[in-house]
Amino acid sequence: MKKIAMLAGLVAMGAVPAAAQTSPITFNARGMVAVSDADMAASAFIDGKLLRENAVKDKLTSIKFPLQRGGKTFESIIVSNSALTYSKSIAVPKTGGLAYVLDARVSPADDVAEYKDAMKEFPEGQKLTVVDIVNPAAPKTKFAFAVGKNPTAIDINKNELMVATSEAGKELVFLEVNDDGKPTRLAHLPAQLDSTRIIDLSFHPNGNYLAVTLDQTKEVGLYRIVRDAGKLKNIEMVGKPFKAGDNPATGKFSADGKYYFVLDTKGAVGKATGEGELMVIQFSLDGSAEHKVVSKTPVGLNPGAFAVNPEGTMIVTANVGKSAQPWTEANAGGGSSLTLLKVGADGAMTKVADYPVEGIMPQSIAFDKDGSNLAVAIYEYLDFGNRTGGIEFWSVNKGDSPTLTKQPGKISVERGCHTIRVIP
C-alpha cells in the first residue's frame with residue numbers, strides 16, 4: 001500500500017516518466033470531424049447487398065483532443081452523407097468552427113435491400129449541410145440547402161467553397177460564405193467540357209487554380225480562377241485535360257503548389273485486381289507547356305485515399321485491398337493496408353513499406369498538425385452483432401528511414417466511416 005501511495009504522489013508531482021502516463025491515443029490537433037454512411041455495408045460496393053438497419057442513421061462525429069476517458073470529448077449527431085464519392089464529401093476550414101457535408105446520394109426507401117450497382121442506382125442527393133463545430137465536443141446542425149444533383153466533391157479556400165455536381169450547367173458551383181456558413185455569393189460555372197463528370201476537385205494553395213478529375217475520359221485538368229478585386233469572376237481552362245493513368249480519382253496539391261498528387265485506383269471501388277499507383281503531376285500554370293505526369297509509384301491494391309505530411313516529405317495511402325468482399329468469400333475482411341512513401345524535393349517518390357490494417361475498407365487518412373501521428377478511418381470491422389466503424393491511430397517515426405507504429409487505442413464511430421478532416 002505504501003508503494004501505491006508513493007507512486008500516486010510522484011504522479012501528482014509530475015515525477016513519473018512521461019512514458020508511464022502515455023495515453024493509448026496521441027494526436028496533436030484541436031479536433032477532428034468524421035462522417036459515416038449507415039446506408040450500406042462495405043461489401044455493397046461489390047455485390048450491391050446493403051445489409052443496413054433502418055433504425056441506424058448516417059452520423060457526423062466531432063472529436064476534441066486530447067481525449068479523456070470518462071470526459072465529454074466527442075459526440076455524434078445525425079447528418080445525411082454518402083460514401084459514394086471519392087473522399088471529398090466534407091470540407092472544414094483550417095480555423096475549424098464549421099463543417100460542410102455533402103449528401104451525394106440519399107437513403108433508399110426502407111424496403112430496398114439490394115442494388116445491382118450501388119454506385120449508379122442509389123437515389124441522387126443534392127444537399128449541403130452546415131454543422132457548427134465551434135466546440136468540437138458538441139456539434140450542432142445549423143442549416144442545409146441544395147447545391148445540385150449528385151454532388152461528388154467539395155473543397156474549401158478560406159471563405160470560398162467549390163462543389164462539383166452531376167447537373168448540367170452546374171458542374172461547378174462556387175459559394176462565398178460568411179462566418180456563419182451562409183452563402184453570400186453563388187455562381188454556377190459550366191465545366192466547358194463535353195459529356196464528362198467531375199468526380200474530384202482541389203484548390204491550389206494560392207486559391208487561384210482548381211484541379212479536377214474527370215470520370216468518363218479518365219483525365220485530369222486545371223482551371224484558372226479569374227478574379228476581379230480579389231473576388232471570383234469566372235473560371236477558364238488552362239491547357240487541355242490529359243490522360244492520367246487508368247482510373248484517376250482523388251488528388252491533392254503539395255503545400256508549395258509545385259506538384260499535384262493523384263491516385264490511380266486501377267478500377268472501381270474495391271474491384272481492381274492490380275496494385276494502384278500514386279502519380280505526380282506537374283501543371284503548367286501559365287499554359288505555356290503541356291501538363292504532364294512526371295512519375296508514378298506503386299501503392300497497395302484498391303487505394304482509396306492518401307495524406308501528405310505537413311513537411312511534404314512523406315505520403316501514406318490507405319488501401320482497401322480485398323477487404324470489402326462479401327463475408328462469404330475467402331479472405332473477406334482482410335487485406336487492408338497502409339503504404340508509406342518518401343517524397344523528394346523534386347516530387348519523386350520512393351516506397352518505404354506496407355503495413356497491414358485489420359479493419360475493412362480504410363477510406364480516409366490524415367496527419368496531425370506536426371506530422372507526428374496519423375489517423376485512419378475504418379468503414380467497418382469483421383464483427384457480427386454491434387457493427388461499428390472506427391478511427392485508428394498510428395505514430396510516425398520520422399527521419400531518413402521513416403516507419404509507422406500502430407497505437408493501441410481507437411475511437412469507435414457509426415458504421416460506414418468514410419471521411420475524416422482534422423482541425424489543426
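Analyst: Let's start with a term: a cavity is a set of points on a 1 Å grid over the protein atoms alone where a 1.4 Å probe fits but cannot get out, and its lining residues have an atom within 4 Å of a point. This is a predicted model, in which local features need pLDDT of at least 70 and side-chain atom pairs pLDDT 80 or more, while totals for chains, interfaces and linings use all residues. Residues are numbered from 1 along each chain, and side-chain values use heavy atoms, without hydrogens or water.

User: Which residues line the largest cavity?

Analyst: Ala83, Thr85, Tyr86, Ser87, Gly304, Gln363, His418 and Thr419 do. The volume of this cavity is about 40 Å³, and the whole-structure search finds 1 cavity of 30 Å³ or more. Volume here is the space filled by probe spheres set on grid points joined across faces, edges and corners.

User: Why is the pair of Phe253 and Phe283 called tilted?

Analyst: Good one to check! Rings of Phe, Tyr and Trp (its six-membered ring) pair if their centres lie within 6.5 Å, and planes under 30 degrees apart are stacked, over 60 edge-to-face, the rest tilted. With centres 6.1 Å apart and planes at 50°, the Phe253 and Phe283 pair is therefore tilted. Phe253 lies in strand S17 (residues 248-253) and Phe283 in the loop between strand S19 (275-282) and strand S20 (292-301), 30 residues apart. Strands are DSSP runs of E, at least two residues, numbered from the N terminus.

User: What makes Lys158 count as exposed?

Analyst: Exposed means over 50% relative accessible area, buried under 20%, and partly exposed in between (1.4 Å probe, protein chains only). Lys158 has 74%, so Lys158 is exposed. Its phi is near 55°, a positive value in a residue other than glycine, and Lys158 sits in the loop between strand S8 (153-157) and strand S9 (160-164).

Notes:
Helix = DSSP H or I, 4+ residues; strand = E, 2+ residues; numbered from the N terminus. 1 Å grid on protein atoms, 1.4 Å probe; cavity = no way out; pocket = protein on both sides within 12 Å on 5 of 7 lines; lining within 4 Å.
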